[in-house]
Amino acid sequence: MRITKKLIVVGTGVVVLVTGGSVAALAATTAPKVTAEKAIEIAHKAVPGSWVSELDYDRRGTRPDAWELELTKGSRLYEVDVDAATGKVLEHQAKQSDGDDDDD
């Protein structure tokens, strides 16, 4: 009888720890400090005179989460990644547009 009671108490403690851990993990996934609107402003400063053709939020695990923006200016496409916590431009690439709207 004693063994059964100990197992029940230990089992309950494990369930509490597991559910407590999942609540802590859910609390850690909060909204980004830099909003989508602010990320667009930052990207427009990096590529003046452009318009945003695509905006995605990317959770990157061990690397900083980022807003990924694709901007168009004339016949050129620009990809700008903005750190979702600091607003720093992480990546800025330019490429020639192929004229169609598919992702190739």
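In the hairpin formed by β3 and β4, where five residues lie between the strands, Gly 87 takes a positive phi near 85 degrees. The names of such elements follow DSSP runs, numbered from the N terminus, with helices being H or I runs of at least four residues and strands being E runs of at least two. The model is a predicted one, in which local features need pLDDT of at least 70 and side-chain atom pairs count only at pLDDT 80 or more, while totals for chains, interfaces and linings use all residues. Residues are numbered from 1 along each chain as its sequence is written, and side-chain values use heavy atoms, with hydrogens and water left out.

Two strands are said to pair if DSSP finds at least two bridges between them. On the pairing of β2 with β3, eight bridges join these strands, which again run antiparallel, and here Glu 70 has Glu 79 of β3 as its bridge partner.

Seen as a whole, the four strands make an open sheet in the order β1-β2-β3-β4, with antiparallel pairing. Because β1 and β4 stand at the edges and each has a single partner strand, one side of each is left without a neighbour in the sheet. Neighbouring strands of the sheet are turned by 15 degrees against each other on average, direction ignored; the axes behind such angles are lines fitted to C-alpha atoms, for helices over the stretch in contact, and angles run from 0 to 180 degrees between N-to-C directions.

The chain also holds helices, for its elements are two helices and four strands, and from the N terminus on they run α-α-β-β-β-β. Helix α2 lies across β1, β2, β3 and β4, and runs at about 45 degrees to β2. The buried residues of α2, which spans residues 36–46, are Ala 36, Ala 39, Ile 42 and Ala 43. They cover an arc of only 120 degrees around the axis, which puts them on the same side of α2, the arc being that of the directions from the helix axis to the C-beta atoms. Buried means under 20% relative accessible area, exposed over 50%, and partly exposed in between, with a 1.4 Å probe and protein chains only. On the other side of α2, Glu 37 and Lys 45 are exposed. What covers the buried residues of the helix includes β1 (51–58), β2 (66–73), β3 (76–83) and β4 (89–96), where contact means heavy atoms within 4.5 Å. Over the chain of 104 residues, buried residues make up 21%.

Within the sheet, Asp 81 has its place in strand β3 and is buried, with a relative accessible area of 9%. Leaving out residues up to four places away in sequence, Asp 81 touches Arg 60, Trp 67, Glu 68, Lys 88, Val 89, Leu 90 and Glu 91. One of these, Arg 60, is found in the loop between β1 and β2, and at 16% relative accessibility Arg 60 counts as buried. The side chains of Arg 60 and Asp 81 are joined by a polar contact of 2.9 Å. A polar contact is a pair of N or O atoms within 3.5 Å; within protein, one must be able to donate a hydrogen and the other to accept it, and residues adjacent in sequence count only if both atoms are side-chain atoms.

A second polar contact of 2.9 Å joins the side chains of Lys 95 and Glu 79. Lys 95 has its place in strand β4 and, at 33% relative accessibility, counts as partly exposed. Apart from residues up to four places away in sequence, Lys 95 touches Arg 76, Leu 77 and Glu 79.

Finally, the structure holds one aromatic pair. The rings of Tyr 57 and Trp 67 have their centres 4.8 Å apart and their planes at 55 degrees, so the pair is tilted. Rings of Phe, Tyr and Trp (its six-membered ring) pair if their centres lie within 6.5 Å, and planes under 30 degrees apart count as stacked, over 60 as edge-to-face and the rest as tilted. Because Tyr 57 lies in strand β1 and Trp 67 in strand β2, the pair ties together parts that are 10 residues apart in sequence. Tyr 57 is partly exposed, with a relative accessible area of 27%, whereas Trp 67 is buried at 11%.
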